[in-house]
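Take a look at the protein below.

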Amino acid sequence: MATFYGEVVSAYSRAVEDGEDDSEEEENEEDREIRNEIQKKREVHVHWNPEITNSLDTSSAKAFQCSDLILAAGPNAAGFLSAFVLSSGSWETVGSVTLWNERCKTTANQQLPAGSSCVFHRPTNKPDVLICQCTCHVAEDQLFQWAEKVLGSIQKTGLTVTVLSDCSVAEYKTPDSVSTIPVPFLRALKTRHYKEAPHCPLLEQPNVITGLPAAVLSHCQVFGIPAVLYQCYSDVVKPDSVTMEAYKPTVSCRSLSSVMKLDSSESVDILKKLVRVNEAQSNLYT
């Protein structure tokens with residue numbers, strides 16, 4: 001009943017209100033189930049081969065013993081490691097990271113497709129060095145999980161992390177014209193505990209890094225792990241031999257110098273092969 005003229009009075013109906021409450025509860029429960037299913041589907045999984053898994057189970061630390069982790073994020077960074085690192089010596093695949101999102105359909109139940117996965121390698125003569133080539137897309141809601149699970153499965157004591165990353169020159173901010181800067185070029189960013197001098201200029205403000213390199217570097221900063229990022233700015237987004245060779249100054253890094261092979265005919269041949277394969281795939285209609 002209205003108490004004054006013009007008061008808005010809401011009509012009350014027990015039948016309608018009870019029905020709305022029930023449907024709202026059912027809808028919320030259904031939404032929760034859908035969110036839980038999506039969240040479970042988007043989980044990041046780290047897989048080690050049986051030998052590594054057995055050694056982790058029997059060790060007291062329950063973590064992979066590693067002195068140097070070298071991460072390549074992007075096709076050109078991964079191609080550089082394939083040509084100048086993995087082409088020399090004897091390497092073994094020891095693990096992988098599987099995930100699913102709108103741009104990466106790799107799951108734990110599928111065989112890892114070439115060019116769209118995260119794979120771990122280590123040299124047989126230096127088992128404490130670990131290389132990860134990640135060319136798949138890691139979504140924003142998976143970045144923290146990726147860094148936490150991968151770096152969480154590696155022993156942090158004595159660990160140094162080196163990240164090689166691809167980036168479009170369009171994202172580079174400078175008061176000067178970008179057209180006056182020779183492309184491609186490297187910029188570095190390091191954590192507080194990384195004491196070695198980077199082998200290229202530091203990244204200038206107000207530039208920022210994003211994606212997987214940012215997640216890994218942030219994790220290392222928080223947990224006191226020495227880490228350095230070498231970001232290559234290029235005007236080519238696809239695998240390109242000139243962009244891959246722009247990473248050559250990183251050969252002076254301590255973590256890379258012991259496993260890197262430079263200026264060999266075999267490395268040049270691998271670079272050309274990688275570019276030819278990409279050009280052939282880009283001409284295919286799917």
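## A buried glutamine

Gln142 counts as buried, at 0% relative accessibility. Buried means under 20% relative accessible area; exposed means over 50%, and partly exposed lies in between (1.4 Å probe, protein chains only). Gln142 is found in helix α4, which covers residues 140-152. Helices (H or I, at least four residues) and strands (E, at least two) are DSSP runs, numbered from the N terminus.

What does Gln142 touch, leaving out residues up to four places away in sequence? Its contacts are Arg42, Val44, Leu99, Trp100 and Asn101. A contact means heavy atoms within 4.5 Å. Val44 is 98 residues from Gln142 in sequence, yet their C-alpha atoms are 7.0 Å apart in space.

## How the model was read

This is a predicted model, so local features need pLDDT of at least 70 and side-chain atom pairs count only at pLDDT 80 or more, while totals for chains, interfaces and linings use all residues. Residues are numbered from 1 along each chain as its sequence is written, and side-chain values use heavy atoms, with hydrogens and water left out.

## Salt bridges

Side chains of opposite charge can pair when their charged atoms come close. A salt bridge here is a side-chain nitrogen of Lys or Arg within 4 Å of a carboxyl oxygen of Asp or Glu. By this rule there are seven salt bridges.

Arg32 and Glu29 form a salt bridge, 2.7 Å from N to O. Both sit in helix α1 (residues 14-41), three residues apart, about one turn of the helix. Arg32 is partly exposed at 39% relative accessibility. Glu29 is partly exposed too, at 36%.

Now a pair from separate elements. Asp68 and Arg254 meet in a salt bridge of 2.7 Å, N to O. Asp68 lies in strand β2 (residues 68-73) and Arg254 in helix α7 (residues 254-257), so the pair ties together parts 186 residues apart in sequence. Asp68 is buried, with a relative accessible area of 5%. Arg254 is partly exposed, at 44%.

Two strands are joined as well. The side chains of Glu92 and Arg122 meet at 2.8 Å, N to O, in a salt bridge. Glu92 belongs to strand β3 (residues 91-98) and Arg122 to strand β4 (residues 118-123), 30 residues apart. Glu92 is partly exposed at 24%, whereas Arg122 is buried at 10%. Elsewhere, salt bridges with shared partners join Arg42, Glu102 and Asp141 into one network.

## The whole protein

The protein has eight helices and eight strands. Of its 286 residues, 42% are buried. Take the contacts between residues at least 6 apart in sequence: 76% of them join residues at least 24 apart. The accessible surface comes to about 16100 Å², and 52% of that belongs to carbon and sulfur atoms. Accessible areas come from the Shrake-Rupley method with a 1.4 Å probe; for residues, only the protein chains shown count as cover.

## Confidence

pLDDT is the predictor's confidence in each residue, from 0 to 100. The protein averages a pLDDT of 82, and 77% of the residues score at least 70. Over residues 107-116 the pLDDT is below 50; this stretch has 19 contacts in the model beyond near neighbours in sequence. Where pLDDT is low, the predicted coordinates should not be read in detail.
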